[in-house]
Amino acid sequence: MTAVLIAVAALLALAAVFGAVLGFASEKFKVEGDPIVEQIDSLLPQTQCGQCGHPGCRPYAEAIAEGEEHNRCPPGGQDTVVALSDLLGREELTLDDEGAEDANVAKVAYIREDECIGCTKCIQACPVDAIVGAAKLMHTVIVDECTGCDLCVEPCPVDCIDMLEVKPTLQTWGWQRPAGIGERPDSRIEVVNL
Amino acid sequence: MSQAQTNKTRKTRSVFARLTSGIRRPAKIHDFHGGIHPPEMKHLSNGTPITAGPLPQQLILPLNMHIGAPAKPLVAPGDKVLKGQMIAEPIGAVSAAIHAPTSGTVSAIGPRPIQHPSGMDAVCIVIDTDGEDQWIEHQGTIDYTEKSPAELVDLIRHAGIAGMGGAGFPTSIKVNLGDHQRVEQLIINAVECEPYITADDRLMRERAEQIITGIHILQYLLNPRRTLIGIEDNKPEAISAIKRACKGCDIEVRVVPTKYPSGGEKQLIQLLTGKEVASGQLPAQVGVVCQNVGTAYAIKRAVCDGEPLISRVTTLTGDGVSQPGNYEVLLGTPVRDLLAHGNLAGLDIGRLVMGGPMMGFTLHNPGVPVVKTTNCIIAASPEELPEPPPEQPCIRCGSCAEVCPANLLPQQLYWHAKNDDLEKAQHHNLMDCIECGACAYVCPSHIPLVQYYRYAKAEVRQQAADQVKADKARQRFEARQARIEQEQAEKEARRQARLEANRKKKEAGPTAASTVDVAALKQASLDASKAYKAAVKAAKAAEAEGADNLAELKAEADRLKAVADKAKAAVRDAKDGAPVAAAPAEDTVAKLKKQVGDASSAYKAAVKVAKAAEAEGADNVAELKAEADQLKAAADALKAELREAKTNAPASAAPVTQADPVAELKKQVGDASSAYKAAVKTAKQADEDGADNAADLRAEADRLKAVADQLKADLRDAKANAPASPAPVAPTASTAAAAEQPDPVAALKKQVGDASLAYKAAVKAAKQADEDGAGNAADLHSEAGRLKAIADQLKVELRDAKAAAPPTPKAAPATTATTDSPAVPEEQAPQSLAEVDPEQAAKRQKRLKGLKTAYNMAHKQYKEAHAAYERAERNETASADELQAMQGKIDKLKAKADNARDALDALVEEAKADIRAHTGKDLKTLKLEAARAESALADKQQELEQQRSSASEDTLEALSSELQALESETQIARKALKQAVEEQGLAE
């Protein structure tokens, strides 16, 4: 009986000690913020387009962390959905892009400057401050900063903003994936297997 | 020298030689992993010497023939260029110049198909050759050691030399490593391991001396401990030629076994030194610099001969050309021209490859030019290079891993690349793949492995770029969010502050005495309007000076005006509220008067604001005017109310406060006339300032005068009632009436004094204006005249009052005195007076004249003294004592003038009494009539003036007819007055 009591006491003492240590550690090494939100946010494409129904990528990251479905980012595409599934250990969903065909095509806003009346509405709409201009003066898009979110298109009263597809340049051009098994490689393939 | 000595020397030398040979013992040739042995096919082109290439009609020179930033064109279409002339300069550190390969004319600078697997276009300089091949003036350096390494580096940079082996990295970067970088080995890459290519082989065979000179220059620049030339053992002629050329110098020729890809930089370094260049490292980091043998040759040409890189040796080979061989091709020569040059037989070309068969790419457009990196053009017959067979599934044979020279796992890379699992591919060091094609060469399933890797690499780079962009977008988004939040917080803070202020005001409102509140508000309003005026003045000054911040000042003024308006509104509100709240209904008339005064001052203020706004051309003039009109209506309503109250007041409280209405009226008259005076003063001020609204202000003054006149008439009425009403009630209280009567007289006197003061001030202003030659002098004079008329009128009134005073006591004894009683003796009196009239009138006229002169003299002196005093005070020329003395003098003169005026007044009074007796009409009535007619006329004129711009012609006509009627009326009234006055000798 005594042995049992001793064992119980020893275990209780150990539990108390470890509890104290863990409690101290959780206070001492407390992680500020929600690291999972940071991780989700880093996977999102940062177009800040709001197509997910949130005002920007970070709010959507926070919503995903709180349980919202992670397939509502058309600019990120299926890759982002997969990456998020991996990160969160959730089921791989199919991208909810409402059947948009050109969802994955990089676009950039272009202002037809002759038609711009300088209303500044697009400037206010741009989530990344990529449009420069002043009231009653022509506006223009900083192409390098534009995320192609097309939030500026709708507010334009004269419809002078186009979303143009980003054409590859020599710098951004990349080799295409080979056609696959059973297909002859692209005739441009250089390896000739002499 | 003895034999022994000679032996000793020889012995020493041999020891030394042995030692050095120990150091420079032919080093072991290391090996690298993997590699393949494809058919060499070099025999096709290495049998014939290098010959000159064609001189095509057109040369196409891409601006980025090298790795790095495209060069910047120095020529424009239409420019004539000479051979060797720089046509594009390097931009940034990693860049190389471009030179005209022959003489000709720049025909275009624009997009052309270039040497890129994508088949895309890029900007090129197109030169139409003239066939003369005329060199620009150039000079080589005989002894390059005379030049500093920095000079040579610059020369190399501006000679446009880029790596000729295939990558095209600007050589000037590779030979300018800085002092801190110790170069252990300089390796000259003469391996040329790819099949078919023989350009370096032929170059070494034919121009070994020049290559060695180039290597010496590189040695001079890099100062390496050792210099090695690596040559594959399948080029014995080249090896011997180079060995011959570098005999006696510290260049070691290393023969490496034939194996593909020994010519890869990292592989060659490993072969020759045993060093492995780690992943992500540069050869320089392990103390090795690699240069192609063709680059060394180009450096020699640039430094020693002064010829920039305008041509290169290119192998034209394959079964599709009849004359395979090596050609010294001008850069920019389209492949089409080269083929025409080397395929005179016109053989069938199945496939055109630029570069070697392993690492080159198929050309779809024979218009693509030969550039600095084009070492080979394979024009293969259809049988020679057939279409690659279809891709088969990987059988996991592992051959690829065996041959990979970079020690990678091509199979794993393939899986990951195929599944887009870029992260895992990167874990397997995808980025270290040199794309040599050995794995694909050995693959039994014909999998285009290199294309998979290239695709995966492109994706990785794209992702990295996207990540950079996303980070930037995130930063910008967050910055914007922060900015918006801050703005909102500021807005909210302002709103809170406003609410707080309002709440405080409300709290303070009921507790504090409303009068105090009103006073404070008034003070605030005054301060605000003062500030506003100051701001307007500042703005005007700024405008006059043409200052830059005019807009700001105006905005500031507008803001202040808004503040002032608000303050005024607050004052008004407070006033509207205050009397109601604290109305003991004890003295409604007094209150009303106060209200009237406030309302009219508010109105005036509003008018002023409107004028100011108009003068500034502000947008809200119309609004302000409307507001002013509203205020005027309010003031008028209040006035009417006041009048009503006044007429009621005597009736209700007549017995108790009989004197009150009269006193009040007097006070009102005083207020009105002071208001009028103030208005006149502002008008004058405006005139002096040359403000546009002077006319308006004068009209305002006129209106005020009319108000004052009306009030005066009221006063008179009240006075007329006052003696009458007490009479029947308390005929015995005549003494009380008499006691009261001096009061109105004194008040009138005071008024007269005020009026004459105002008149004098007006006269002074007019004089001042005369002296200044101001345009408004006439206006001011007329103004003064009007003031004088008022003063006169007041004087007349005073006399009347004085005259009225004695009759009452006189009438009092007559117990029969009734309301009508004064009329009866008056009616009688004129008759008696009329009889003595001519004599008396003449006498009085004389006395009047004398008195008037005296008064005028005294008054003039007084005025002059006063003006002198003021001037002294203004200019601060006089001392305090002097000023005091002047003040005394002024006082004395004033007293004198007053005395004279009093006497004069008494006389005038008499005469007026006579007039009354005469005409049955009071002089004051006459004058009043005249004054009323005049003011009505003035009003009408004003209206006409205002309508002129806006109203239709009909209204204008109606107005002018009205005006005429009024004019005639006025004239009649004036005439009557004049007659009466003249009759009594009061003309002056």
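**A buried threonine and its surroundings**

Mentor: B:Thr227 is buried, since 23 other C-beta atoms lie within 10 Å, and the cut-off for a buried residue is 20 or more. The model is a predicted one. B:Thr227 belongs to strand 10 of chain B. Setting aside neighbours within four places in sequence, the contacts of B:Thr227 are B:Leu186, B:Ile215, B:Gln219, B:Asp250, B:Ile251 and B:Glu252. For one of these, B:Glu252, the C-alpha atom is separated from that of B:Thr227 by 6.2 Å, although the two residues are 25 apart along the chain.

Strand 10 (226-232) leads on to helix 6 of chain B, as this strand is among the elements that cover the buried residues of that helix. The cover also includes strand 9 (185-190), strand 11 (251-256) and strand 12 (288-292) of chain B. The buried residues are B:Glu265, B:Lys266, B:Gln267, B:Leu268, B:Ile269, B:Leu271, B:Leu272 and B:Thr273. After helix 6 of chain B comes B:Gly274, which has a positive phi, near 80°.

Another helix packing in chain B may be described next. Helix 2 (residues 149-158) and helix 7 (residues 293-305) of chain B have axes that come within 10 Å and cross at roughly 110°. Helix 2 and helix 7 of chain B are therefore roughly perpendicular to each other, and the crossing of helix 2 of chain B with helix 7 of chain B is right-handed. On the side of helix 2 of chain B, the residues that meet helix 7 are B:Leu152, B:Leu155 and B:Ile156; their counterparts in helix 7 of chain B are B:Ile299, B:Ala302 and B:Val303. By class, this contact consists of 6 nonpolar residues, with no polar and no charged ones.

Finally, chain B also touches chain A. To this contact chain B brings 41 residues and chain A 32 residues. In chain B, strand 16 (361-362), helix 12 (438-442) and helix 13 (449-511) each supply at least two residues of the side that touches chain A. Helix 13 of chain B gives the most to that side, with 15 residues. By class, the residues of the side of chain B that touches chain A are 24 nonpolar, 9 polar and 8 charged.

How values were computed. Residues are numbered from 1 along each chain as its sequence is written. Chains are lettered from A and ligands numbered from 1 in the order in which they are written. This is a predicted model: local features need pLDDT of at least 70, side-chain atom pairs count only at pLDDT 80 or more; totals for chains, interfaces and linings use all residues. Axes are lines fitted to C-alpha atoms, for helices over the stretch in contact, and angles run from 0 to 180 degrees between N-to-C directions. Helices (H or I, at least four residues) and strands (E, at least two) are DSSP runs, numbered from the N terminus. Angles under 35 degrees count as roughly parallel, over 145 as roughly antiparallel, 65 to 115 as roughly perpendicular and the rest as oblique. A crossing is left-handed if the near helix is turned anticlockwise from the far one by less than a right angle, and right-handed if clockwise. Two residues are in contact if their C-beta atoms, placed from the backbone, lie within 7 Å. Ala, Val, Leu, Ile, Met, Phe, Trp, Tyr, Cys and Pro count as nonpolar, Asp, Glu, Lys and Arg as charged, and the others, Gly among them, as polar. A residue is buried if 20 or more other C-beta atoms lie within 10 Å of its own, exposed if 12 or fewer, and partly exposed in between; C-beta atoms are placed from the backbone.
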